[in-house]
Amino acid sequence: MINVNNRLGFPPNGNRRSYPILGGRLHFVKFETSKINECLDFINSKQLHCGEGESRYSDATTDSNAIIKATGGGAHKFADLFKERLGLSLDKEDEMNCLVAGANFLLKAIRREAFTHMEGQKEFVQIDTNDLFPYLLVNIGSGVSMIKVDGDGKYERVNGTNVGGGTYWGLGRLLTKCESFDELLELSQKGDNSNTDMLVGDIYGGMDYSKTGLSASTIASSFGKVTSEKKGLDDYRPEDISLSLLRMISYNIAQFQVKR
């Protein structure tokens with residue numbers, strides 16, 4: 001009888017999280033920074049830190065000189081942890097260099113990579129690789145960096161804002177009972193922001209403000225409707241709060257970019 005746990009590199013006591021065995025050649029798995037230990041458990045369970053010549057289903061140990069590429073703040077913050085837990089050294093690459101190089105590659109090499117998204121409709125944009133530069137690369141992470149890309153390896157950070165994905169997740173965690181960013185994002189898909197946002201129609205009796213081109217459904221004030229209602233936090237649906245929060249932050253990032 002074959003011990004599957006041993007073949008997969010799991011401890012014999014079975015004290016592990018269950019990760020699916022995936023087919024195919026290339027997969028992307030993400031973990032929040034706060035769950036770095038779960039990430040390391042996953043790497044260990046799949047034996048991803050073993051050398052190329054080793055089977056991930058064997059009892060192989062990590063080469064003490066094993067080095068992997070890494071970028072971002074975590075490459076610096078968790079370097080010692082990777083060494084301690086997995087015996088890996090992180091070869092740190094500059095985050096902005098990697099970001100620009102990756103964007104340039106995708107726009108040049110991947111067909112139908114660029115598209116617009118308006119009113120739920122996606123429309124692909126034809127990219128002329130000979131007329132690609134300059135373009136504005138907006139990197140939305142915990143905060144936001146706006147980078148003017150003038151060519152391969154030629155770029156400058158022109159602006160940014162501290163209101164980004166971290167803001168959405170932080171406020172969302174305070175206002176809802178969500179335990180993860182993905183859960184908060186999924187919650188927003190079930191929301192109706194008109195229950196919390198003040199719309200143009202709320203101000204003009206359900207009418208558009210056509211003189212300035214504002215439709216009745218345009219958000220006049222994010223969470224503005226809350227100010228005119230005598231309700232507490234528990235009276236509002238988490239789904240509506242999540243969607244209002246998402247639109248407030250994403251709209252402001254987009255407007256900040258346009259003004260720039």
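## Backbone exceptions and cysteines

Phe-223 sits in the loop that runs between strand E9 (219–221) and helix H9 (238–259). The model is predicted. Phe-223 has a positive phi near 65 degrees, and Phe-223 is a residue other than glycine. Most residues other than glycine have a negative phi.

The loop between helix H2 (36–45) and strand E1 (67–71) holds Gln-47. Is Gln-47 buried or exposed? Gln-47 counts as buried, because its relative accessibility is 8% and the buried class covers values under 20%.

Next, the peptide bonds. Most peptide bonds are trans. The bond joining Phe-133 and Pro-134 is cis, with omega about -5 degrees. Pro-134 belongs to the loop between strand E4 (121–124) and strand E5 (135–140).

| Site | Angle |
|---|---|
| Phe-223 | phi near 65 degrees |
| Phe-133 and Pro-134 | omega about -5 degrees |

Now the cysteines. A disulfide is a covalent bond between the sulfur atoms of two cysteines. How many disulfides are there? The count is zero, with a pair of cysteine sulfur atoms within 2.5 Å as the criterion. Cys-178 counts as buried because its relative accessibility is 5%. Cys-98 has 34% relative accessibility, so Cys-98 counts as partly exposed. Partly exposed lies between the buried limit of 20% and the exposed limit of 50%.

Conventions:
Residues are numbered from 1 along each chain as its sequence is written. This is a predicted model: local features need pLDDT of at least 70, side-chain atom pairs count only at pLDDT 80 or more; totals for chains, interfaces and linings use all residues. Side-chain values use heavy atoms; hydrogens and water are left out. Helices (H or I, at least four residues) and strands (E, at least two) are DSSP runs, numbered from the N terminus. Buried means under 20% relative accessible area, exposed over 50%, partly exposed in between (1.4 Å probe, protein chains only).
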